[in-house]
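Please read them with the structure open.

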Amino acid sequence: MKFRTIFLVFIIIKLAIVLSFPAVIAQDTSESGIPEGISEGAEEVILPDADAGTTPDSPFYGLDLAFERIGLALAFSKASKSERGLKHAEERLSEIRKMVDENKLQAAERARTEHMRKLQEVEDNSKDKEVDNTKKSEIRRRLIQNRIHAERVSDDMELRMRLKVKDKKLSQEEFEKLETFLASLAEENSAFDDT
């Protein structure tokens, strides 16, 4: 009974958020209009239509993933499953970025695992015989675009971390752990692209 109540409250909250707020990520800016913590030469990476939403450090993250799986199960074709999977992969990238920015490596690792799982699902669905060649080309293009976004997120986060070390907001040890994580993200991403 208690779980059912929590579940219903979560659904109501999730629907209220989705229906009432656009997927916009607000940023604090300095007087120059540049986001705080970024030097003037740094380029801000913005993922299209990707809101981190429920992050891996939330107790409701598993429920969020379950809703995604239900949505995928309700998709009628492999092509539409691929489309939804690509949106979920973009959301995972936003989660990775947010978790790395907050120095929550374990949560970032979980988002990375989910990101790669989503990309593999999309790849597998797009190879199905029922998907026409035009859709296959579009899915392939978006997979490549997602991998480019992953590289940009990795580069952007490394730049942010270096600035935090410089401003003494991040220790060298924390920086090295985060750098190792981002290097593994880039390596996994390029290995996936090679396949």
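1. A definition is needed for what follows: helix axes are lines fitted to C-alpha atoms over the stretch in contact, and the angle between two of them runs from 0 to 180 degrees between N-to-C directions. Note also that this is a predicted model.

2. On that basis, helix 3 and helix 4 pack at an angle of about 160 degrees, and their axes lie 8 Å apart. Angles over 145 degrees count as roughly antiparallel, so helix 3 is roughly antiparallel to helix 4. The crossing of helix 3 and helix 4 is left-handed. Sorted by class, the residues in the contact of helix 3 with helix 4 are 11 nonpolar, 6 polar and 7 charged.

3. As for the overall make-up, the protein has 6 helices and 0 strands. Of its 195 residues, 37% count as buried. Among contacts between residues at least 6 apart in sequence, 72% join residues at least 24 apart.

4. The largest nonpolar core contains 19 residues, and those with the most contacts inside it are Ile96, Val100, Met161, Phe181 and Leu182. Two or more residues each come from helix 2 (61-74), helix 3 (78-101), helix 4 (105-126), helix 5 (133-166) and helix 6 (172-194). Helix 6 gives the largest share of this core, 5 residues.

5. Which residues does Met161 touch, not counting those up to four places away in sequence? Met161 is in contact with Val100, Leu170, Phe175, Leu178, Glu179 and Leu182.

6. There is also a second, separate core of 9 residues, which includes Ala79, Leu119, Val122 and Leu143.

Methods:
Residues numbered from 1 in each chain as written. Predicted model: local features only at pLDDT ≥ 70, side-chain atom pairs only at ≥ 80, totals over all residues. Heavy atoms only, no water. Core = buried A, V, L, I, M, F, W, Y, C linked by side-chain atoms within 4.5 Å. Buried < 20%, exposed > 50% of the residue type's maximum accessible area, 1.4 Å probe, protein only. Helix = DSSP H or I, 4+ residues; strand = E, 2+ residues; numbered from the N terminus. Contact = heavy atoms within 4.5 Å. Parallel < 35°, antiparallel > 145°, perpendicular 65-115°, else oblique. Left-handed = near helix turned anticlockwise from the far one by under 90°. Nonpolar A, V, L, I, M, F, W, Y, C, P; charged D, E, K, R; others polar.
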